[in-house]
Amino acid sequence: MTWPQGVRSAGVAAGIKPAGDLDLGLIVTEQPVEWAGTFTRNAAAAAPVLWCKGRIGSAVRAIVVNSGNANACTGAEGVLAVERATDAAAVQVGCSPTEVLVASTGPIGIPLPVERIESNLAHAFDSLVEDPEPFARSIITTDTHTKVVRAAAGDATVVGVAKGAAMLAPNMATMLAFIVTDAAPSEGTLQPALTDAVRVSFDRISVDACESTNDSVFLLATGKHAVVPDVLSRAVTTVCRELAEMMVRDAEGGSKFVRILVTGATDDHAAAALGKAVAASALWRAAVNGGDPNWGRVLSALGSHDRSLVLDNMTVAIGAETVFDKGQPIGSLDGARKAMDVDEFELSCVVGHGSGAAEVLSCDLSTDYVRLNADGST
C-alpha cells in the first residue's frame with residue numbers, strides 16, 4: 001500500500017522509547033495542503049493538541065509525530081518542545097513552522113526529550129517513502145500491530161494510519177489517526193466530512209472508558225482529483241470505521257470483541273450515549289470476560305444513564321438469545337452463555353419505540369488489562 005499522490009512519510013528511531021524501537025514519524029506533502037482535524041475535549045489536553053488546534057484553517061506541509069512520550073501536562077517546557085520540533089521540521093521541509101503539525105503519544109507528565117527529535121529529523125526527512133508502514137510502526141505504543149486502511153473515492157484514494165489499544169473512550173479514543181487523500185475537496189466540505197466520520201467511528205468505541213489528553217485525527221487533502229463531496233465523505237467514513245474497529249480488536253488485554261447495538265432511542269445521539277454507558281460498565285465487561293450472561297448489568301447501565309427509560313419497553317438479547325423482554329426475564333441463560341463463549345458476539349438493546357439507533361464497539365475487562373495498566377508507568 002502507498003500514500004495517495006503528493007505525500008511521503010518516514011519512521012525512525014530517535015531514542016525516545018527505551019527499547020530503541022521506531023518512535024519518530026514524519027509526514028511531508030509536496031505542496032501546502034488543506035487539512036481538517038478533530039481533537040480530544042479533555043481539559044488536560046497536551047501541548048501538541050493545543051498547537052494543532054491553533055493551526056486550523058491554515059495550510060500545512062508536514063506532521064511530526066513521536067511515540068513513547070505524550071508531552072502532556074508538562075507546562076511551559078512542553079510548549080517549548082512543540083515549538084522546537086516544528087522549527088526543526090520546517091528547516092528540513094523548507095516551510096514555515098506554522099505549516100507543521102505535531103502529535104505525541106505515550107506516558108503523561110514526563111518532559112519530552114525534544115533534542116532527540118531535533119537531531120533525528122534530518123534522518124527522517126532523508127528516509128521519506130511512499131509506503132506508510134515505517135511511519136505506522138513509529139507511532140504505536142502498546143498496539144500489537146500497525147493499523148493501515150485504504151478506500152477508493154472516485155478517482156482519488158483515501159489512506160488512513162492509526163494507533164490505539166487502550167485509554168480508549170468515546171469523545172475519541174486514546175488514539176492518533178492520520179488520513180490522507182489526493183482528492184480535491186469542494187470548498188468547506190473537508191472538515192464536515194471528517195467530523196461526521198469521527199462521530200460514527202472513533203466516537204463510538206470504548207476499551208476502558210478513559211478519555212485521553214492527546215487524541216488527534218488529521219485529514220489532509222492534496223487536491224489531485226476532483227471528487228463529489230458525498231463520495232469523499234463516504235470513503236473517509238469507511239477508513240475511520242475500519243481503523244476504529246481495528247483499535248478495539250487490538251485492545252490491551254482484550255480477549256472478546258463486542259458489538260453493542262441500541263435501537264428504539266429518541267435519536268441516534270441518545271442511542272450512542274446509551275451504548276457507551278454499557279461499554280463503560282466495568283461490571284458488564286468483567287462478565288463478558290468470564291462468559292457470564294449477567295444481563296442485569298446491562299439494564300443497570302442503561303437505566304443509570306437515562307432514568308426515564310421504562311422497563312416494559314425494553315428488550316435485551318445476547319447473540320440470538322433474548323434474555324429480557326418488556327419487563328420480564330425470558331430465554332435460556334445456557335443459550336446466552338454459549339453465545340458469549342466466542343471471540344466476538346453482539347449485544348442488542350431495544351430501549352423504547354423511537355427511531356434512534358447506534359452501534360458501539362467494545363471489549364471485555366481482563367486480568368491482563370489490569371496487570372498491564374497496574375505497571376503502566378514503571
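Lys326 is exposed, its relative accessible area being 52% (exposed is over 50%, buried under 20% and partly exposed in between, using a 1.4 Å probe and protein chains only). Lys326 pairs up with Asp325 in a salt bridge, with 3.5 Å between the closest N and O atoms (the cut-off is a side-chain nitrogen of Lys or Arg within 4 Å of a carboxyl oxygen of Asp or Glu). Asp325 has 25% relative accessibility, so Asp325 counts as partly exposed.

A quick word on the ground rules: this is a predicted model, where local features need pLDDT of at least 70 and side-chain atom pairs need pLDDT 80 or more, while totals for chains, interfaces and linings use all residues. Residues are numbered from 1 along each chain as its sequence is written, and side-chain values use heavy atoms, with hydrogens and water left out.

**Salt bridges**

There are 12 salt bridges in the structure. Three of them look like this:

| Pair | Closest N to O |
|---|---|
| Lys326 and Asp325 | 3.5 Å |
| Arg41 and Asp203 | 4.0 Å |

Arg41 is exposed at 56% relative accessible area, whereas Asp203 is buried at 12%. Arg337 and Asp334 both sit in helix α10 (residues 333–340), and because they are 3 residues apart, about one helical turn separates them. Arg337 is partly exposed, at 37%. There is also a salt-bridge network that links Glu245, Arg249, Arg259, Glu344 and Glu359. Arg249 from that network also lies over the face of Phe257, 3.9 Å from the ring centre (for a charge over a ring, NZ of Lys or CZ of Arg is within 6 Å of the ring centre and within 35 degrees of the ring normal). Arg55 lies over the face of Trp51, at 4.3 Å.

**Rings and cores**

The structure holds 6 aromatic pairs (rings of Phe, Tyr and Trp, the last by its six-membered ring, with centres within 6.5 Å; planes under 30 degrees apart are stacked, over 60 edge-to-face and the rest tilted). Trp3 and Phe135 make an edge-to-face pair, 6.3 Å centre to centre with 65 degrees between the planes. That pair links distant parts of the chain, with Trp3 in the segment before β1 (7–12) and Phe135 in helix α4 (residues 133–138). Both are buried: Trp3 at 5% and Phe135 at 0%. Trp295 and Phe324 have ring centres 5.3 Å apart and planes at 35 degrees, so that pair is tilted.

Ring pairs also tie Trp3, Trp35, Phe39, Phe135, Phe178 and Phe218 into a cluster. Which residues touch the most other members of the largest nonpolar core? Among its 52 residues, Val64, Phe178 and Phe218 do (a core is a set of buried Ala, Val, Leu, Ile, Met, Phe, Trp, Tyr and Cys residues joined through side-chain atoms within 4.5 Å). A second, separate core of 35 residues includes Ala177, Leu232, Ala235 and Cys240.

**Cysteines**

A search of the whole structure turns up 0 disulfides (sulfur atoms of two cysteines within 2.5 Å). For Cys52, the nearest cysteine sulfur is that of Cys95, 13 Å away. Cys52 is buried, at 0% relative accessible area.

How values were computed
Helix = DSSP H or I, 4+ residues; strand = E, 2+ residues; numbered from the N terminus.
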